[in-house]
Amino acid sequence: MTETAHRHGRPYLGFGLGLRPQHYAEILDRPEGEPGPRVDWFEIISENYMAAGGRPLRNLRRVAERYPVVMHGVSLSIGSVDPLDEAYLAALKALADMVEPAWVSDHLCWTGVDGVNLHDLLPLPLTEEALAHVARRVEIVQERLGRRIALENASTYVTFASDEMAEWEFLAELTRRTGCDLVLDVNNIFVSGFNHGFDPIDFMTGVPADRVVQIHLAGHEHNETHIIDTHDAPVVDVVWDLYGETIRKLGPVSTMIERDADIPPLAELETELDAARRIAAAALAEPAPAR
Ligand SMILES: [Fe+2]
């Protein structure tokens, strides 16, 4: 598929990786005549470039000249009851105006309250009250950035007794109210499904397919009674299976592998990305079974 308007006006980018400084040289400084890495696009962690001048931004500009780039943040704290951080939004907009990413995403979560940053992506109560609160804030963020945002499902380890709906119902209604897009993290869906006892397929079926602009794949740590989303290992077989199911249901979605720790050489991630290409192609060749 070519890079044309695809989902909700967003392009289909193919198969990408999270851009990590360990790989700059392998991406940018290849010997003359050697082909580039088998990576169609890169996702950057927005905050790593917001305060940075100099080298990080120069490297980012060079990557952005050669590859489509999307921006992914971890500090928006869209679910918090603290006021939105206007300085953060202004810096995010400045970066987006420079990078011209295919889209800008963050997580459906909160990361702190009363000015204290807890440095974690924490779950929200899945209530109408929280939905109205988040929807208002998404609209403000989209207005400040001058563009729609996409929100990703985080891995969660607790739920609230006050929950009134499933996470996918919350996300589906949020996209309806605000026009925002979604990033589906297939590993996070598997992790949360295991931890809370829901069927990941219900999640995939419950979100509006045309709003899913991107998929994240990552590894996790299985501790028998619970799973922790560590992003430090290859994607596990059961998540590959779920990825295939997801593509069968949703059709082609820009997909990337997200490794945040124990980062291997680029070639290893290229091989893992080839697996994603094979699984997606096989899934698309086979229609989704009726459910
Ligand atoms: Fe993710």
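A residue is called buried when its relative accessible area is under 20%. The model shown in these views is predicted.

Figure 1. Along its principal axes, the C-alpha trace spans about 60 × 45 × 40 Å. Buried residues account for 54% of the 291 residues. Take the contacts in the chain with a separation of 6 or more: 82% of them link residues 24 or more positions apart.

**Figure 2. The surface and charges of the protein chain.** The accessible surface is about 12,700 Å². Carbon and sulfur atoms contribute 53% of that surface. The chain carries 25 positive and 47 negative side chains. The centres of these two sets are 7 Å apart.

**Figure 3. Helix H7 is mostly covered.** Eight of the 11 residues in H7 are buried. They are Val186, Asn187, Asn188, Ile189, Phe190, Val191, Ser192 and Gly193. What do these buried residues pack against? Their partners are strands S9 (149–153), S10 (181–185), S11 (212–217) and S13 (227–228), along with helices H8 and H9 (237–250).

**Figure 4. The two ends of H7.** Look at the start of the helix. There, a side-chain oxygen of Asp185 comes to within 3.0 Å of the backbone nitrogen of Asn187. Now look past the other end. Gly197 follows H7, and its phi is positive, near 80°.

**Figure 5. Asp199 sits in the loop between helices H7 (186–196) and H8 (200–206).** Is Asp199 buried or partly exposed? Its relative accessible area is 31%, so Asp199 counts as partly exposed. A polar atom of the Asp199 side chain lies 2.9 Å from the backbone nitrogen of Ile201. Ile189 is 10 residues away from Asp199 along the chain, and their C-alpha atoms are separated by 9.0 Å.

**Figure 6. Thr255 lies in strand S14 (residues 254–257).** Thr255 has a relative accessible area of 0%, so this residue is buried. Which side chain joins that of Thr255 in a polar contact? The partner is Tyr243, at 2.8 Å. Leave out residues up to four places away in sequence, and Thr255 touches Gly14, Phe15, Gly16, Trp41, Ile215, Leu217, Tyr243 and Ile247.

**Figure 7. Glu272 belongs to helix H10 (residues 266–284).** Glu272 counts as buried because its relative accessibility is 9%. Setting aside neighbours within four places in sequence, Glu272 is in contact with Pro234, Val235, Trp240, Ile257 and Arg259.

**Figure 8. Pro264 is in the loop between S14 and H10.** At 8% relative accessibility, Pro264 is another residue that counts as buried. What does Pro264 touch, not counting residues up to four places away in sequence? Its contacts are His23, Arg259 and Leu269. Leu13 is 251 residues from Pro264 along the chain. The C-alpha atoms of Leu13 and Pro264 are separated by 23 Å.

Conventions:
Residues numbered from 1 in each chain as written. Predicted model: local features only at pLDDT ≥ 70, side-chain atom pairs only at ≥ 80, totals over all residues. Heavy atoms only, no water. Buried < 20%, exposed > 50% of the residue type's maximum accessible area, 1.4 Å probe, protein only. Contact = heavy atoms within 4.5 Å. Areas by Shrake-Rupley, 256 points an atom, 1.4 Å probe, with all protein chains shown as cover. Lys, Arg positive; Asp, Glu negative; His and termini not counted. Charge placed at Lys NZ, Arg CZ, Asp CG, Glu CD. Helix = DSSP H or I, 4+ residues; strand = E, 2+ residues; numbered from the N terminus. Polar contact = N/O pair within 3.5 Å; in protein donor to acceptor, adjacent residues only side chain to side chain.
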